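Here is a walk through one structure, taken a few contacts at a time. Please keep the sequence and the model in view while reading.

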Amino acid sequence: MSLEEVGCSSPDVPYEAPDYQSYALTSPWHTPPKLLKTYVDGSKYLYNDADLFTIIQNPYSRVLSEYYCPWNGFQPKYRRGTVHKKDPNYPLVMNEWVKSMVKGMRTAMDEFNDRKEEDQFKSGKGEFDALMKKYDINVTLPSKEEGVYSDAKKSRLLYTDLDPEAIALINEFAKVDFEKFGYQMVENKFEENYSLEAKIIEIE
C-alpha cells in the first residue's frame, strides 16, 4: 500500500510500511489507540509512554468536513469509480446525505468518560500552538485555505445550511460532545451570533 492510497501525499515524518497487512495497521493515524493496542503486540504499539491528545471539532462543522471529505464523503473525488451525478453544493443534497450518514451510526463513541482530573480540554489554534511549544514540536495547524480541503471553498455549503431535521439528528448523536466540550447546541436554526468555538476553555 502506497502513501497516496492511504491519503497522504507529503508526510510530516518519515514513513516505513509495516510488515503486516491491514488497513487499520497500515494507517495507524486513523485508528483509535485503544483499538490499535488490541491489534498488535507490544513491540509494534506506537504509543507506549506517549502523551496522547485529540482535536474534537464542533459536531455541526464536523459533519460538513465529513461530507466534503475527498476520500469518504459525498461523491469522494479520490475514490475510484465515483460517479459525480449531483451538485454537492446544493443544500437539499447535503442535508439528505448528512441525515443518512448520522442515522447509519447506531451510537456515538464516548471516549472521554475515563478522563483524568488533570486532563485539559481546550479549543482553538492558539491552544494547539501552545501544546506543540510545550513539547518542542515544530508543527502548526494549516489555514483552511490550504490543503486538499481548500478547493472550491468559496462555493461550499456551511453548517448554517443544515436543516432542522439534520440538526436534531446531530444533536442526538453528538450529545456527549456538546456536553463535555461546551459546544453550543441549537434547536432548529443558527442565530447570526452563533460561534463554533467551545465555551469550556479548561477543566482542571
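Lys-103 is exposed, with a relative accessible area of 55%; buried means under 20% relative accessible area, exposed over 50%, and partly exposed in between, with a 1.4 Å probe and protein chains only. The model is a predicted one, in which local features need pLDDT of at least 70 and side-chain atom pairs count only at pLDDT 80 or more, while totals for chains, interfaces and linings use all residues. Residues are numbered from 1 along each chain as its sequence is written, and side-chain values use heavy atoms, with hydrogens and water left out.

The protein chain has seven helices and zero strands. Helices here are DSSP runs of H or I with at least four residues, strands are runs of E with at least two, and both are numbered from the N terminus. Of the 204 residues in the protein chain, 28% are buried.

Lys-103 has a charged partner. Glu-165 forms a salt bridge with Lys-103, the closest N and O atoms being 3.8 Å apart. Glu-165 lies in helix 6 and Lys-103 in helix 4, so the pair ties together parts that are 62 residues apart in sequence. A salt bridge is a side-chain nitrogen of Lys or Arg within 4 Å of a carboxyl oxygen of Asp or Glu. Side chains of opposite charge can pair when their charged atoms come close.

Glu-165 also meets Lys-99 in a salt bridge, at 3.2 Å from N to O. Lys-99 lies in helix 4 and Glu-165 in helix 6 (residues 164-173), so this pair ties together parts that are 66 residues apart in sequence. Lys-99 is buried at a relative accessible area of 8%, whereas Glu-165 is partly exposed at 41%.

The structure holds six salt bridges. Another one of them joins the side chains of Glu-179 and Lys-175, at 4.0 Å from N to O. Glu-179 and Lys-175 are four residues apart in helix 7, and are thus separated by about one helical turn. Glu-179 is exposed, with a relative accessible area of 52%, and Lys-175 is partly exposed, with 46%. Salt bridges that share partners join Glu-96, Lys-99, Lys-103, Asp-163 and Glu-165 into one network.

Next come the aromatic rings. Rings of Phe, Tyr and Trp (its six-membered ring) pair if their centres lie within 6.5 Å; planes under 30 degrees apart count as stacked, over 60 as edge-to-face and the rest as tilted. By this rule the count comes to 12 aromatic pairs. In one of them, the ring centres of Tyr-67 and Phe-74 are 5.4 Å apart and the planes are at 10°, so the pair is stacked. Tyr-67 is buried at 1% relative accessibility, and Phe-74 is buried at 16%. Tyr-60, Tyr-159, Phe-178, Phe-190 and Tyr-194 form one aromatic cluster.

Gln-75 is placed in the loop between helix 3 and helix 4 (91-104). At 15% relative accessibility, Gln-75 counts as buried. The Gln-75 side chain reaches the backbone nitrogen of Lys-86 at 2.9 Å.

Last, consider Lys-189, found in the segment after helix 7 (175-181). Lys-189 counts as exposed, at 62% relative accessibility. The C-alpha atoms of Lys-189 and Pro-164 are separated by 6.5 Å, with the two residues 25 residues apart along the chain.

How values were computed: Polar contact = N/O pair within 3.5 Å; in protein donor to acceptor, adjacent residues only side chain to side chain.
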